[in-house]
Amino acid sequence: MSPSFHIRQATPDDVNIILQLIIDLATYEKEPESVKATPDLLRESLFASPASAYALIAFSGPEEAPGQPIGLALYFFNFSTWTGRPGLYLEDLYVKPDHRGGGVGKAFFGQLGKIAQEKNCARLDWSVLKWNKPSIDFYEKVLGAKSMSEWMGMRLEEEEIASLKTFA
């Protein structure tokens, strides 16, 4: 029996697939208008040297005969001053709705765990929307993840970043 899906590291030829999966995720999260990524931006960020981020893509079917793209895990490396080691930050994980519950999410985390160990990462972090109960349940009950409720996410966007020059 052939596997129902496989996961592989993304290549530059996958840029349009990655962008479509990002749009699908944004639509699921009720913010499709927030996607500003373009194929050129993704190509530069994911495949330039050095890369800013990395992507894993899940496809239906076996590796020898890949089918349709069914999921995406986009990640990058950060650094923890407390551990003195790098960390892996999972920016986005998305599995198409009709493929959820089939082990794709677990397989993504399995791959990310291998990558984190290979890079000597002390942590694997990510964020989840508070309303996304199915994902929260999966992270806590299946993966054993701990919520970081004592931390609050903060963000500056382009306009605010530009205004930081007044402090320099």
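Asp 14 is found in the loop between β1 and α1, where helices (H or I, at least four residues) and strands (E, at least two) are DSSP runs, numbered from the N terminus. Asp 14 has a relative accessible area of 4% and is therefore buried, a word that stands for under 20% relative accessible area, with exposed meaning over 50% and partly exposed in between (1.4 Å probe, protein chains only). Leaving aside residues up to four places away in sequence, Asp 14 touches Arg 8, Gln 9, Ile 57 and Phe 59, a contact being heavy atoms within 4.5 Å.

Before going further, note that this is a predicted model, in which local features need pLDDT of at least 70 and side-chain atom pairs count only at pLDDT 80 or more, while totals for chains, interfaces and linings use all residues. Residues are numbered from 1 along each chain as its sequence is written, and side-chain values use heavy atoms, with hydrogens and water left out.

Turning to the strands, five of them form an open sheet with mixed pairing, in the order β1-β2-β3-β4-β5; two strands pair if DSSP finds at least two bridges between them. Because β1 (5–9) and β5 (123–126) stand at the edges with a single partner strand each, one side of each is left without a neighbour in the sheet. From one strand to the next, the twist averages 25°. The partner of β1 is strand β2 (residues 54–60), and the two pair in the antiparallel sense over five bridges, with Phe 5 standing opposite Ser 60 in β2.

How do two helices meet? Helix α1 (residues 15–28) and helix α2 (residues 39–47) pack at an angle of about 105°, with their axes 9 Å apart. These two helices are therefore roughly perpendicular to each other, a description that covers angles of 65 to 115 degrees, whereas those under 35 count as roughly parallel, those over 145 as roughly antiparallel and the rest as oblique. On the α1 side the contact is made by Val 15, Asn 16, Ile 18, Leu 19 and Ile 22, and on the α2 side by Pro 39, Leu 42, Arg 43, Leu 46 and Phe 47.

Finally, consider the whole chain. The protein chain has five helices and five strands, which follow the pattern β-α-α-β-β-β-α-β-α-α along the sequence. Of its 168 residues, 29% count as buried.

Technical notes
Axes fitted to C-alpha atoms, helices over the stretch in contact; angles between N-to-C directions.
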